[in-house]
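Here's a short walk through a protein model, written for someone new to reading structures. Take a look at the picture, then follow along.

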Number of protein chains: 2
Amino acid sequence: MSDLPARVFIKEEGPREGFQIERKPIPTVDKVRLIDALSATGLEFIQITSFVNPVRVPGLADAEAVVAGFTPREGVRYAGLWLNQQGLLRAIATERLHLEGKLTLYGSNAFLKRNQNRTPEQQLAAQPDLIRMYQAHGIPVRTGFVTAAFGCNFQGEVEPERVVSLVGQMRSIAREAGEDLSLIGLGDTMAWANPQSIRRVVGMVQDANPDVELSLHLHDTRGLGLANAYAGLSMGVRHFDAAVGGLGGCPFAAHAGAAGNICTEDFVLMCEEMGIGTGVDLEKLADCARLAESIIGHPLPGKVKSGGSLRALRTRIKAG
Amino acid sequence: MSDLPARVFIKEEGPREGFQIERKPIPTVDKVRLIDALSATGLEFIQITSFVNPVRVPGLADAEAVVAGFTPREGVRYAGLWLNQQGLLRAIATERLHLEGKLTLYGSNAFLKRNQNRTPEQQLAAQPDLIRMYQAHGIPVRTGFVTAAFGCNFQGEVEPERVVSLVGQMRSIAREAGEDLSLIGLGDTMAWANPQSIRRVVGMVQDANPDVELSLHLHDTRGLGLANAYAGLSMGVRHFDAAVGGLGGCPFAAHAGAAGNICTEDFVLMCEEMGIGTGVDLEKLADCARLAESIIGHPLPGKVKSGGSLRALRTRIKAG
């Protein structure tokens with residue numbers, strides 16, 4: 001357990017996740033308010049919206065307005081999500097976003113079929129086209145992502161060997177196209193991971209790829225989010241996705257499988273308490289979680305926003 | 001991380017914790033319904049009520065009625081809590097409870113003062129009297145408990161060396177009175193622990209006491225409950241307190257310090273997924289969590305009751 005990193009890097013996905021899943025419309029001005037508040041916490045990467053079909057996802061129809069609205073802060077990368085070239089072109093057109101290319105393969109064929117209506121062969125074949133699309137726009141491709149890397153609601157367990165193989169395939173495809181993946185993301189998309197499977201899969205991918213960094217995208221659907229994150233930290237993983245307040249999933253709405261990422265401020269507290277730097281001001285971040293809660297109008301699952309930080313208590317104790 | 005135990009033993013504290021903290025009165029019949037449902041899950045130890053001053057805690061005034069009401073199931077120990085001889089005598093008088101004596105010392109003098117209005121010397125001096133009281137009633141004293149073993153809202157960090165010393169003192173006191181402590185409980189009463197401090201303190205107490213079992217009582221106030229539990233498991237700890245649904249603490253009421261134990265069904269899922277036996281039927285336990293939620297009338301923090309178990313998904317996948 002001595003492999004804890006000295007510093008972690010957090011991709012804040014709360015705004016995009018939160019704005020995507022909520023049923024009641026959220027005013028654009030509130031979205032921008034949350035993004036600007038998050039910018040002031042020390043977070044270095046914030047995914048702020050998604051460029052998807054506004055007819056299918058009306059809550060994201062204001063993607064361009066959100067991007068136009070926030071106040072950029074130095075040192076913060078603001079990112080968007082897209083699912084196809086049309087979405088990418090919209091993101092490029094804003095001229096305000098940090099753009100990164102990403103390859104994606106699936107640990108589960110059943111989920112790939114449901115999510116993309118593709119066979120594994122079709123998904124593989126689509127990756128070189130994706131790289132060419134990014135290259136045509138001068139966008140670097142440095143990340144490979146394995147969706148459902150630990151298990152799948154429709155197929156069951158995913159073998160670690162399969163994940164290692166998918167990572168190898170992505171790296172080959174990238175290399176053949178003149179790109180070099182430096183970050184491999186493992187997604188526990190449907191919350192099948194446990195701390196031991198995290199350690200096993202991360203360990204095997206690291207052994208086969210000692211020259212890349214790993215990133216974990218963990219869902220808290222079954223409550224194991226932070227335990228899994230700790231397991232990742234104990235293996236030296238330094239990159240984590242998270243969502244302020246636990247935005248993007250409400251444990252009380254019974255939408256299994258859709259529950260959110262690990263909660264950013266709870267993760268930050270865990271890291272800081274173990275001496276792992278995050279660059280984030282936890283009190284400001286907890287304020288953001290409370291702001292998010294007030295914007296969406298229902299309780300969010302994060303704990304620190306009500307339980308409080310320990311640093312605040314230490315300061316109070318010192319002051320007597 | 002190869003020290004995971006093959007089996008864990010869970011003390012279910014949900015009924016007592018839940019009935020204690022809720023503001024609106026809970027009908028005795030509902031309390032009994034939850035206890036009987038929990039009895040059918042495979043849980044082997046259920047703390048069902050607390051014998052405290054009914055004037056100070058009106059919600060627990062029906063302690064005797066609760067004890068009289070449940071239907072005992074073979075293999076389940078039903079326990080109560082008491083804070084003084086008067087409470088113990090009430091528990092004895094029910095003739096239906098499993099009775100165990102326990103010694104308690106405090107990691108934090110400030111918390112001891114607030115909670116018991118005692119100095120450390122007074123608390124130490126009270127322990128032999130406690131043993132004599134138990135011995136007078138033929139009740140074994142096998143457990144020693146350290147309250148606030150990881151930190152305190154009023155005093156800050158607690159040094160692991162202090163915890164080791166307290167455990168040694170308790171064992172000496174017990175031995176001098178002809179008792180032998182076989183279980184040492186460490187309480188993260190105010191949620192100051194993190195996975196690394198769990199490993200450090202547990203490791204030091206184990207090293208100094210290789211002949212006793214450890215037990216962890218973890219609060220989830222800051223979201224680290226299950227990560228801390230995993231850290232304990234990774235050190236071989238086999239005894240855990242937990243509360244169904246996360247009863248006893250609502251993360252949305254901002255009563256910092258009062259938030260509940262780790263959620264039993266989420267903990268059971270984590271254990272079972274890592275191959276650690278619990279003896280508990282997770283589906284039945286999740287039903288209990290939903291029952292608890294319907295009884296108290298507000299959302300509980302546990303995740304599995306809405307996110308679902310993986311075993312249920314595996315069964316569905318197998319059935320095609």
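What is the handedness of the crossing of helix 8 of chain A and helix 9 of chain A? That crossing is right-handed. In this scheme a crossing is right-handed if the near helix is turned clockwise from the far one by less than a right angle, and left-handed if anticlockwise. The axes of the two helices come within 8 Å and cross at roughly 35°. Axes here are lines fitted to C-alpha atoms, for helices over the stretch in contact, and the angles run from 0 to 180 degrees between N-to-C directions. Helices (H or I, at least four residues) and strands (E, at least two) are DSSP runs, numbered from the N terminus.

Before going on, a word on what you're looking at. This is a predicted model, where local features need pLDDT of at least 70, side-chain atom pairs count only at pLDDT 80 or more, and totals for chains, interfaces and linings use all residues. Residues are numbered from 1 along each chain as its sequence is written, while chains are lettered from A and ligands numbered from 1 in the order in which they are written.

**Two helix pairs in chain A**

Back to helix 8 and helix 9 of chain A. Helix 8 of chain A brings Pro195(A), Ile198(A), Arg199(A) and Val202(A) to the contact, and helix 9 of chain A brings Ala227(A), Asn228(A), Tyr230(A), Ala231(A) and Gly232(A). Two residues are in contact if their C-beta atoms, placed from the backbone, lie within 7 Å. Sorted by class, this contact has six nonpolar, two polar and one charged residues. For the classes, Ala, Val, Leu, Ile, Met, Phe, Trp, Tyr, Cys and Pro count as nonpolar, Asp, Glu, Lys and Arg as charged, and the others, Gly among them, as polar.

Helix 6 and helix 7 (residues 160–176) of chain A make another pair, with axes that come within 10 Å and cross at roughly 40°. Helix 6 of chain A passes helix 7 of chain A in a right-handed crossing. Leu124(A), Gln127(A), Pro128(A) and Ile131(A) of helix 6 of chain A meet Gln169(A), Met170(A), Ile173(A) and Ala174(A) of helix 7 of chain A. That contact divides into six nonpolar, two polar and no charged residues.

**How the two chains meet**

A rotation of 180° with 0.0 Å of shift along its axis superposes chain A on chain B, with an RMSD of 0.0 Å. The two copies are thus related as by a two-fold rotation axis. In chain A, the C-alpha nearest that axis belongs to Ala227(A), 1.9 Å from it. The superposition is by least squares on the C-alpha atoms of residues with pLDDT of at least 70 in both copies.

The contact between the chains takes 41 residues from chain A and 41 residues from chain B. On the side of chain A that touches chain B, the elements giving two or more residues include helix 8 (195–208) and helix 9 (225–234). The residues on that side divide into 23 nonpolar, eleven polar and seven charged. Since 100% of the interface residues of chain A are also interface residues in chain B, the copies meet through the same surface.

Over in chain B, helix 9 (residues 225–234) is mostly covered, with ten of its ten residues buried. Among them are Ala227(B) and Tyr230(B). Gly236(B) follows helix 9 of chain B, and its phi is positive, near 90°.

**Some loop residues**

A residue is buried if 20 or more other C-beta atoms lie within 10 Å of its own, exposed if 12 or fewer, and partly exposed in between, with C-beta atoms placed from the backbone.

| Residue | C-beta neighbours inside 10 Å | Class |
|---|---|---|
| Asn117(A) | 8 | exposed |
| Ala148(A) | 26 | buried |
| Glu179(B) | 19 | partly exposed |
| Asn53(A) | 13 | partly exposed |

Asn117(A) is in the loop between helix 5 (109–116) and helix 6 (120–136) of chain A, and its phi is positive, near 55°, though it isn't a glycine. Ala148(A), in the loop between strand 5 (141–147) and strand 6 (151–152) of chain A, also isn't a glycine and has a positive phi of about 50°. Leaving aside neighbours within four places in sequence, Glu179(B) is in contact with Ile131(B), Val141(B) and Ala174(B).

**How confident is the predictor?**

The mean pLDDT (the predictor's confidence in each residue, from 0 to 100) of chain A is 93, and 96% of its residues reach 70 or more. Over residues 250–258 of chain A, though, the pLDDT is below 50. For the complex, the predictor gives an ipTM of 0.95 and a pTM of 0.96.
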